[in-house]
Structures are given as C-alpha cells and as structure tokens.
Amino acid sequence: MLTKQVSVFVENKKGRMEQVSKCLSDGNINIASMILADTSEYGLLRMIVSDAPKAKEVLEAAGFSAIITKVLVVKFPNIAGTLDKLMGLFNELDLSIEYMYGISTSADSATLVVKTSDNDAAAKVISEKGAESDISVICM
Amino acid sequence: MIWNEAKECMSRDEMAALQSARLVKTVNRVYHNVEFYRKKMQKVGIEPGDIKGIEDITKLPYTTKADLRDNYPFGLFAVPKSEIVRVHASSGTTGKATVVGYTRRDIDIWAECVARILYMAGLRREDIIQVAYGYGLFTGGLGLHYGAENLGATVVPMSTGNTKKLITMMLDFEATGIACTPSYLLHIAETIKEMGVRDQIKLKTAVCGAEPWTEQMRLQIEEELGINAHDIYGLSEIMGPGVAADCEFHKGLHVHEDHFFPEIIAPDTLEPVAPGEVGELVFTTLTKEGLPMIRYRTKDLTSITYDKCECGRTTARISRFKGRSDDMLVIRGVNVFPSQVEAALLEMGETTPHYMMIVDRVNNLDTLEIKVEVEEKFFTDEIKQLEQLSKKIGHVIHQALGIQAKITLVEPKSIERSMGKAVHVIDNRNLV
C-alpha cells in the first residue's frame, strides 16, 4: 500500500540541485513528484521516483545523504472539499501530518503524497472509509 | 604611577637575588610536599640542594596542563586542604576541569598583583570600578574584584550578561574604571553609542584581558570610548589575571617577576631562546603556596625584554601574544580545545567526528559555528527531527565547552579531509 520515497539532504550551495538532477539523469531515473523543503542552511528534497533503491544508490555514490521512507500516495477526485474529507478521516484517528505535497494537472483527479504519524493506520482508514468519497491509496 | 616601587623598580641584581631565594624555597617545598614534583625531580636526578639560585632553574623539569589533569583535582596542591581557602577551575582538553587552589596568602598576593596593575593603569582609591568579567569558577571576576578592593577603589561586581544595566550603572555611579574582556568592552562601547550616552560617561580606564586582542583593537577601544585601555594577562594555573600587564607606554606587559619567573623556550627543542626571540612562555611561581608551578608551559607564544621601561619599572616585559603552540582557542574568554568538540560529538553517538569550527568576530563578539556532517545513520526526512538533532548537538556542545555555538548540518564528506593533521578550526578573527 505504501510507496517508497527518496529524501536527499541538500546544502544551500550553488549548483547543488543540478548535481542531484545529474545523478538521477545518469541513473536514468524518472521523477514522478518532488518537493524541496527549505531551511536557512539546507534543503530536504523528497521525491517519488521510478526506482527508489537505485536513486538512493546513485545519490549516495555521488556523496549525498539519501534515505528511503514510506509514504502514502492518495488519489482522489479533483473536486472542492475532497481534501477536507481526507483530513477528516485522519483527524478521527488522531493522525498528524508530518508533511504532504501534490499537484493536480488533470480535470478528473488529484494526487497527494502524505506522511502521517502512522502511515499504516492512515492507509487502513482510507481503504475502509475512502471509497464513498472516491479516495484511494495507490502504489507507485 | 607605581604601586609597589620597591618591587617593581628593583635593580636586576636585586631581583635575581630575590628570585633565587624564593626559588630555592619553592623547590624545597614542592619536593617535600608534592609527590608528583618529587618523582619528577628524582627521575632526572635532581635534589633540592642542586637548586642554589635562579640560574639553576633550567635543571628542573617542565610541568604541563596534562600534569594538572592527571592529578585532578588536588594532586598538585602543596599544602593540606585545610590551608586552601579557595579553588577556581577552568576547562581542560578532555572535559575534565583544571582545578587550582589558593591559600589565604596566595589570595593576598594575587590582590597585590592586580592592585599593581590597576594602579599602573591609572586607577586609584577614589575610582569606581565595574568588574564585568564572569564571577564564579573563572578567575576573571574574583581576581579583579579582590585586586580592586585591595587598591581601595569602589568595586561594582557586575559580572557579565546585562549590558544595558551595566551602562545604566556606569552612568548613575559615574564609574571611572572597567575590567572585562576586550571584545565585551567593544560590545559595551557599541551599546553606549546606540543609547546615545557616549558624552555622559565618566569612564577613563579599562583593564582588559582573558582573550587575545590586537594593538589595533586596543586603540579602537581607546578611541571609541575616549579612555585608556590596558592589557592584563594571566592564567589560572599560575594565578589568574594579574601575572602581567602593560603600563602607560604600552610597550609590552610587565611581569610581576618577584612572584612569577618567566622563561621563553623553543617549543620544539625546549631550549631557552634569546631575549627578543619568539618562543613559548614558561612560568615558575616563586611565592605560591597552594599550587606552586615549576616551569609551567603556558603554550602562549611571545618574546621577552629585560630593558628598563620608560615608566621606571625594571621588570621584564613580554610582548603581545603571537599565538599558541597548541590548538587551544580563546572564545569569549573561554578556553576551547577542538578535541572537546570531538569528544562531545563522539559521546553523543549520533554524529561523525567530522566537524569544522568556524570562529569569527561579529559586532566585536566572538562567534562559534560548528559544522557537522549529516550521515545516513542519523539522517531523517523530517525537518523537525533534523532541527532537534542540531539543537541536541548544540546542547551537548554547550555542556562541553561552556559557550553557545551555532550548529550547522552539512552534507557528508563536505568537510575537507586532510592527509596529515586534520584541520578542525577556521579562525577568521585575525587577532595576530
């Protein structure tokens, strides 16, 4: 149910992102989604890629710190109010959101990457109660 | 301008005779009362009888900070504990403190030495002196405090921390003297400027020390506050602040030679160097009772002159410090060894020993940044956990060093690995 996400520690230095993309390009890795979270000193790049273990391998070979974490990839209709329904499900279980990111470029559906305090519980509640709002967890 | 003319203006021959008599006594005392010294002397085949005068001092073995640490806490004390009326402590290379002890007479002599310096700096019993060194285990606060009281001045024991309050009292009390670290005084000067009270202060003299500073910085302080600034030197192992200071001519720091015998040696061969040549400063205490030091290697690099000073004093003068022969840093008046950082990081167990300390001076205050590599084993993909990690490192470092440091997480292997001795410090302060 859960999807592997690659996170990379990137210092705020000129050209550092390009070195990440070069690694992934050389490894023939495709990126499905990504977010660069920034702090004053470093960035944390989180990505859903075509081959997470390989991405970690090529990044580490280039000297980056990379780890794989499991996240939920949630698909739901591109209709106002659906995110609220999803949050409602999480809230009932007292799950907190560590982070999330997503974008919708399709008229029909939107996709969200979420890490909650308990991803397994989150996946379970979506499979049990998400169907009525057409919310589902997909595996990338 | 001389507090104790009899001692400070002795002829060189008289001084040598006094030093000889005091050294003979000191050597006798440590040989019979301190096992460490006795063993060390026996090892090189020296007995107290072999030391007949000050010229024989070179026969004696050296003492180092490591010896103090190995004999922690009271192993080198030469009197029963009942005679010790105070201890001070400073940080050591491994986190273990270096403890020093004083008898009542040691405290009196310390106050005498500091009074000489305050008098030399132009302060008198009519003056109101703010002591803005830290009070506590650090020798700065209490050292200056007792000296200023001995002088007969009115002492305001400010300690450090509240700069606005210090300035308010400086104005309200019409304080004429201040004793603190030079960087703190520059910070005070800036705050005075910000408060717009520069023309209301009555300050005339500052006695600054406990950290390395340049002649330019001294002149800057004088200029910004319209005062005289003097350099006071000392180290807790020998006594604390007050071992030496500069007079109104600012041509080197007068050593209180009747209490502390200075030598300059080459740090590699340990042989004495000629006057005027730069080497490591070595001190032997001539009157200390609690913790006598025989040829203590200060690791401070300087040169010495025995020429009579224009001020009339005949005491030897050491030049402004030219650095250290070990890797000790003085940051905000606190002794810091890179190895302390390393030990703290390793003890945490969550970081690599790869780190870089960047020391700088921003708005005249020392800053310390420590870059630590983020390795996979403690890397998480949540920023709040990374922030917790740097907070935790910051806390551990604060505990170990006694000063705050800014912790910056950096990529693995981004800190340069050197082939030989690792470089762990970048000091951008340009003090020498």
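The C-alpha centres of domain 1 of chain A and domain 2 of chain A lie 24 Å apart, in a model that is predicted. Chain A splits into domain 1 (3-70) and domain 2 (71-138), with bounds that come from an automatic or database domain assignment. Since the model is predicted, local features need pLDDT of at least 70 and side-chain atom pairs count only at pLDDT 80 or more, while totals for chains, interfaces and linings use all residues. Residues are numbered from 1 along each chain as its sequence is written, and chains are lettered from A and ligands numbered from 1 in the order in which they are written.

**Chain A: its two domains**

- Seven residues from domain 1 of chain A and six residues from domain 2 of chain A make up the contact; two residues are in contact if their C-beta atoms, placed from the backbone, lie within 7 Å.
- On the side of domain 1 of chain A that touches domain 2 of chain A, the elements giving two or more residues are β1, β2 (31-38) and β4 of chain A. Helices (H or I, at least four residues) and strands (E, at least two) are DSSP runs, numbered from the N terminus.
- By class, this side of domain 1 of chain A has two nonpolar, four polar and one charged residues. Here Ala, Val, Leu, Ile, Met, Phe, Trp, Tyr, Cys and Pro count as nonpolar, Asp, Glu, Lys and Arg as charged, and the others, Gly among them, as polar.

**A residue to look at in chain A**

- Y101(A) sits in strand β5 (residues 97-103) of chain A.
- With 17 other C-beta atoms within 10 Å, Y101(A) is partly exposed; a residue is buried if 20 or more other C-beta atoms lie within 10 Å of its own, exposed if 12 or fewer, and partly exposed in between, with C-beta atoms placed from the backbone.
- Leaving out residues up to four places away in sequence, Y101(A) touches S33(A), I35(A) and V113(A).
- From Y101(A) to S127(A), 26 residues along the chain, the C-alpha atoms are separated by 20 Å.

**Where chain A meets chain B**

- Chain A gives 15 residues to the contact and chain B gives 14 residues.
- On the chain A side, the elements with two or more residues are β1 (3-11), β3 (42-49) and β4 (66-77) of chain A.
- That side of chain A has six nonpolar, five polar and four charged residues.

**Chain B: its two domains**

- Chain B has domain 1 (5-325) and domain 2 (330-427), and 31 Å separate their centres, taken over C-alpha atoms.
- Their contact takes 14 residues from domain 1 of chain B and 17 residues from domain 2 of chain B.
- On the domain 1 side, the largest share, four residues, comes from α8(B).
- The classes on this side of domain 1 of chain B are three nonpolar, nine polar and two charged residues.

**Helix pairs in chain B**

- Two packed helices are described by the angle between their axes and the distance between the axes. Axes are lines fitted to C-alpha atoms, for helices over the stretch in contact, and angles run from 0 to 180 degrees between N-to-C directions.
- Helix α7 (residues 163-172) of chain B and helix α8 (residues 182-195) of chain B have axes that come within 10 Å and cross at roughly 70 degrees. That makes α7(B) roughly perpendicular to α8(B); angles under 35 degrees count as roughly parallel, over 145 as roughly antiparallel, 65 to 115 as roughly perpendicular and the rest as oblique.
- In this pair, T163(B), K164(B), L166(B) and I167(B) of α7(B) meet H187(B), I188(B), T191(B), I192(B) and M195(B) of α8(B). These contact residues divide into five nonpolar, three polar and one charged.
- Helix α5 (residues 104-120) of chain B and helix α6 (residues 139-151) of chain B have axes that come within 7 Å and cross at roughly 70 degrees, so α5(B) and α6(B) are roughly perpendicular to each other.
- Among the residues making this contact are W110(B) and L118(B) of α5(B) and L144(B) and Y146(B) of α6(B). The contact of α5(B) with α6(B) has eleven nonpolar, three polar and one charged residues.

**Strands in chain B**

- Strand β17 (residues 355-362) of chain B runs parallel to β20(B), joined by three bridges, and M357(B) has V425(B) as its bridge partner in β20(B).
- Strand β11 (residues 279-285) of chain B and β12(B) pair in the antiparallel sense over four bridges. Five of the seven residues of strand β12 (residues 296-302) of chain B are buried.

How values were computed: Two strands pair if DSSP finds at least two bridges between them.
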